[in-house]
Amino acid sequence: SGNDVISFLNADKIFDTVLGQAAENPYAARLASPLQTHSRRFWFRLQRPGSLEQSAGAHTALIKAIIAR
C-alpha cells in the first residue's frame, strides 16, 4: 500500500545514514547523500507492482552481507 511505500522510503533514508556513519568516512557519506536522494525519487516515480518487495529483499541481502562481513 502507499503507506508501506512511505515507510520503506523513510527506512531507506535511515539505512543510508547508518551505513554512512558506520563507514566512518564523512567525505564518502556526503558525496553519496545526493545520489541516494535522487535514487529514492527515481524509485518512487518508476516503481511497479513488486518493486517494494524486490527493493526490500535487496536491502535484506545487503544487511545480511554486512553482518556476515
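This is a predicted model: local features need pLDDT of at least 70, side-chain atom pairs count only at pLDDT 80 or more; totals for chains, interfaces and linings use all residues.
Me: What is the phi of Arg69, a residue that is not a glycine?
Reply: Arg69 follows helix 3. Its phi is positive although the residue is not a glycine. The value is about 65°.

Me: Is Arg69 buried or exposed?
Reply: Exposed means over 50% relative accessible area. Arg69 has 89%, so it counts as exposed.

Me: Which residues of helix 3 are buried?
Reply: Helix 3 covers residues 51-68. Buried means under 20% relative accessible area. The residues of helix 3 in that class are Ser51, Leu52 and Ser55.

Me: How far does helix 3 reach from its first C-alpha to its last?
Reply: Helix 3 has 18 residues. At 1.5 Å a residue, 26 Å is expected. The model comes close to that, with a reach of 26 Å.

Me: Where is Glu24 placed, and is it buried or exposed?
Reply: Glu24 has a positive phi of about 50°, though it is not a glycine. It sits in the loop between helix 1 and helix 2. Its relative accessible area is 71%, so Glu24 is exposed.

Me: What is the volume of the largest pocket?
Reply: Its lining includes Lys13, Asp16, Ala29 and Arg40. The volume is about 160 Å³.

Me: Which elements give two or more residues to the lining of the largest pocket?
Reply: Among the lining residues are Thr17, Leu19, Ala32 and Gln36. The elements that give two or more are helix 1 (2-22) and helix 2 (26-46).

Me: How many charged residues does the lining of the largest pocket have?
Reply: Four lining residues are nonpolar and five are polar. The charged residues number three.

Me: Is Arg40 buried or exposed?
Reply: Arg40 is found in helix 2. It also lines the largest pocket. Its relative accessible area is 12%, so Arg40 is buried.

Me: Which residues is Arg40 in contact with, leaving aside its neighbours within four places in sequence?
Reply: Contact means heavy atoms within 4.5 Å. With those neighbours left aside, Arg40 is in contact with Leu9, Asp12, Lys13 and Asp16.

Key. Residues are numbered from 1 along each chain as its sequence is written. Side-chain values use heavy atoms; hydrogens and water are left out. On a 1 Å grid over the protein atoms alone, a cavity is a set of points where a 1.4 Å probe fits but cannot get out, and a pocket is an open set with protein on both sides within 12 Å along at least five of seven lines; lining residues have an atom within 4 Å of a point. Grid points are joined across faces, edges and corners, and a volume is the space filled by probe spheres set on the points. Helices (H or I, at least four residues) and strands (E, at least two) are DSSP runs, numbered from the N terminus. Ala, Val, Leu, Ile, Met, Phe, Trp, Tyr, Cys and Pro count as nonpolar, Asp, Glu, Lys and Arg as charged, and the others, Gly among them, as polar. Buried means under 20% relative accessible area, exposed over 50%, partly exposed in between (1.4 Å probe, protein chains only). The expected span of a helix is 1.5 Å times one less than its number of residues.
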